[in-house]
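Hello,

Here is the structure I said I would pass on. My notes on it follow below.

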Amino acid sequence: MFDTLVQDFEAETGHSAQVNFAGSALLARQIELGAPVDVFVSANQQWMDHLEAVGRVDSANRFPLAGNRLALVSSFPEDKSREVETVLSSLEAADRVAMGLVAAVPAGQYGKVALEYLGLWGDLRDRVVQMDNVRAALTLVHLGETRLAVVYETDAESQPDVFLVGLFPPESHPRIEYPAAAVGQSPTKATLDFIVFLQSDATKSRLEQFGFGPVKP
């Protein structure tokens, strides 16, 4: 998705940009240590708040980019479109659930909160396979290494042989929002042009094509 946004930006402005994909926690730590980054997009507010607190992000150049939902996916076709809670509470002894690291990866943090809300974390915590990022969790299901994974709605149908069980109740976890910001106190003109582009109607339309929702007030 973000590759497409960058291509749109390059075509519209003539600027060039390079994208580095990784978990929000890893990227935030790299930025804090001085990695040469112009724009940061986080999968939750926590890591953006941290960078703002340590002076690496200026609130004047920070804004909400998009929203998402938390989903449960399965490697078993028979799980498709069943109730999320029903599938999670009726696992076989050997079944495992992949998700992001619950102490650091936003998708894992959201997932743990959602499972606690449903009263299932205590039963499932020893079955959870924690991964460095949500895409790695999705890959485990794609490969059949785990039966289930907790991922974002926009990831749910991006891999073959992965079946959407359903979405977690929106009240079961904090709202999933992607804040974006220019990094540093004196962003370049190209960086500010990209910030403006990310807030444009064209970008909002493109994000909708990829299944991202607007950020609710």
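Ser81 counts as exposed, at 63% relative accessibility; exposed means over 50% relative accessible area, buried under 20% and partly exposed in between, with a 1.4 Å probe and protein chains only. Its place is in the loop between strand 3 (70-74) and helix 4 (84-88), where helices (H or I, at least four residues) and strands (E, at least two) are DSSP runs numbered from the N terminus. Ser81 is not a glycine, yet it has a positive phi of about 65°.

Before the rest, some conventions. This is a predicted model, in which local features need pLDDT of at least 70 and side-chain atom pairs count only at pLDDT 80 or more, while totals for chains, interfaces and linings use all residues. Residues are numbered from 1 along each chain as its sequence is written, and side-chain values use heavy atoms, with hydrogens and water left out.

Asp161 also has a positive phi, of about 60°, although it is not a glycine. Asp161 is found in the loop between strand 6 (148-152) and strand 7 (163-167), and at 53% relative accessibility it counts as exposed.

Domains and cores

The protein chain is divided into domain 1 (2-67 + 174-209) and domain 2 (70-167); these bounds come from an automatic or database domain assignment. The centres of domain 1 and domain 2, taken over C-alpha atoms, are separated by 27 Å. Across the boundary, 13 residues of domain 1 are in contact with 8 residues of domain 2, contact meaning heavy atoms within 4.5 Å.

The largest nonpolar core has 54 residues, of which Leu72, Leu88, Phe168 and Leu198 touch the most other members. Both domain 1 and domain 2 give residues to this core, so it lies between them. A nonpolar core here is a set of buried Ala, Val, Leu, Ile, Met, Phe, Trp, Tyr and Cys residues joined through side-chain atoms within 4.5 Å. Leaving aside neighbours within four places in sequence, Leu88 is in contact with Leu72, Val97, Leu115, Leu120, Leu124, Leu148 and Phe168. Another core, of 12 residues, lies apart from the largest one and has Ala25, Trp47, Ala104 and Val183 among its members.

Helix 2 against helix 3

Helix 2 (residues 24-32) and helix 3 (residues 45-53) pack at an angle of about 5°, with their axes 10 Å apart. Axes are lines fitted to C-alpha atoms, for helices over the stretch in contact, and angles run from 0 to 180 degrees between N-to-C directions. The two helices are therefore roughly parallel to each other, a label given to angles under 35 degrees. Ser24, Ala25, Ala28, Arg29, Ile31 and Glu32 in helix 2 meet Trp47, His50 and Leu51 in helix 3.

Individual residues

Phe9, in helix 1 (residues 2-13), counts as buried at 2% relative accessibility. Not counting residues up to four places away in sequence, Phe9 touches Gly14, His15, Ala190, Asp193, Phe194 and Phe197. Phe9 and Thr203 are 194 residues apart in sequence, but 9.2 Å apart in space, C-alpha to C-alpha.

Asn61 is found in strand 2 (residues 57-68) and, at 16% relative accessibility, counts as buried. Apart from neighbours within four places in sequence, Asn61 is in contact with Ala180, Ala181, Ala182, Pro187, Leu192 and Ile195.

Gly211 lies in the segment after helix 9 (201-209) and is partly exposed, with a relative accessible area of 37%.

Regards

Definitions and conventions:
Parallel < 35°, antiparallel > 145°, perpendicular 65-115°, else oblique.
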